[in-house]
Amino acid sequence: MPDAEVLFYPCLFNAADCEQLFATLEAEIAWRQDSATIFGRHHLLPRLTAWYGDPGKTYRYSGISMEPLPWTPTLRQIKVAIETVAEVEFNSVLLNFYRHGQDSMGWHSDDEPELGPNPVIGSVSLGGCRRFLLRHKGNKSIPKVELNLTNGSLLLMQGPTQHFWQHHVPKTRRTVDPRINLTFRVIQ
Ligand SMILES: O=C(O)CCC(=O)C(=O)O
């Protein structure tokens with residue numbers, strides 16, 4: 001991928017760990033369904049979300065402001081596991097719960113000012129496998145890139161990726177298992 005640094009680890013966590021992590025997060029995380037304001041109208045987000053992190057690491061996107069809840073032992077366990085791979089100390093995590101194939105994430109870049117220039121995003125997937133697409137923002141002749149975000153995988157997006165590329169998780173009519181995604185971030 002030009003103008004990007006994307007690394008994919010398909011099996012960072014084994015199947016038994018994934019099952020346990022998924023069950024714990026599903027039960028323990030304070031899931032909420034926010035609404036985003038688009039052209040003055042409120043729309044429920046097609047997924048559940050939660051924001052955890054160090055005190056004061058507020059996150060703002062699409063008109064939503066999220067104060068961090070304190071790290072849980074399970075979130076810390078996942079954070080430590082991926083920090084050794086990413087060689088970055090993350091201070092916050094956005095969790096997304098895709099309940100079924102109609103839950104999704106629209107095209108966007110993780111380029112909010114509080115993430116600073118060239119952010120490292122560590123994205124862990126648990127549960128049902130979903131397609132993940134990336135497209136270059138400026139050069140339409142560069143083909144889209146597609147990945148299957150498998151149970152227990154880690155996707156690292158770093159370097160200039162967020163300046164030049166957008167990503168999304170499309171809806172699907174296929175029957176898919178529920179999925180939890182965690183994107184670890186460094187809020188500056
Ligand atoms: O669910 C995913 O894999 C993508 C999540 C994402 O794009 C985000 O949290 O910014």
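User: Why is Asn 118 called partly exposed?

Analyst: Its relative accessibility is 41%. Buried means under 20% relative accessible area and exposed means over 50%, with partly exposed in between (1.4 Å probe, protein chains only). At 41%, Asn 118 therefore counts as partly exposed. The model is predicted: local features need pLDDT of at least 70, side-chain atom pairs count only at pLDDT 80 or more, and totals for chains, interfaces and linings use all residues. Residues are numbered from 1 along each chain as its sequence is written, and side-chain values use heavy atoms, with hydrogens and water left out.

User: Where is Asn 118 found, and what is its phi?

Analyst: Asn 118 is in the loop between strand S8 (105-108) and strand S9 (121-127). Helices (H or I, at least four residues) and strands (E, at least two) are DSSP runs, numbered from the N terminus. Phi of Asn 118 is near 50°, a positive value in a residue other than glycine. Asp 3 also has a positive phi, about 60°, although it is not a glycine. Asp 3 is placed in the segment before strand S1 (5-9), and its relative accessible area of 34% makes it partly exposed.

User: What makes Trp 71 and Phe 184 an aromatic pair, and of which kind?

Analyst: Rings of Phe, Tyr and Trp (its six-membered ring) pair if their centres lie within 6.5 Å; planes under 30 degrees apart count as stacked, over 60 as edge-to-face and the rest as tilted. The count by this rule is five aromatic pairs. In one of them, Trp 71 and Phe 184 are 6.3 Å apart centre to centre, with 5° between the planes, and the pair is stacked. Trp 71 lies in the loop between strand S6 (64-66) and helix H2 (73-86), and Phe 184 lies in strand S14 (residues 179-185), so the pair ties together parts that are 113 residues apart in sequence. Both Trp 71 and Phe 184 are buried.

User: Which kind of pair do Phe 90 and Phe 184 form?

Analyst: A tilted one, with 6.0 Å from centre to centre and 50° between the planes. Phe 90 sits in the loop between H2 and strand S7 (92-98), 94 residues from Phe 184 in S14. Phe 90 is buried, as is Phe 184. Elsewhere, Phe 22, Trp 31 and Phe 97 form one aromatic cluster.

User: How do you know that a charge sits over the ring of Trp 107?

Analyst: The rule asks for NZ of Lys or CZ of Arg within 6 Å of the ring centre and within 35 degrees of the ring normal. Arg 135 lies over the face of Trp 107, at 4.1 Å from the ring centre. Lys 79 lies over the face of Trp 71, at 5.3 Å from the ring centre.

User: Which strand gives the most to the lining of the largest cavity?

Analyst: S14, with four residues. The lining has 16 residues, and Met 105, Phe 132, His 167, Asn 181 and Thr 183 lie nearest the centre of the cavity.

User: Which element gives the most to the lining of the largest pocket?

Analyst: S8, with four residues.

Note on methods:
1 Å grid on protein atoms, 1.4 Å probe; cavity = no way out; pocket = protein on both sides within 12 Å on 5 of 7 lines; lining within 4 Å.
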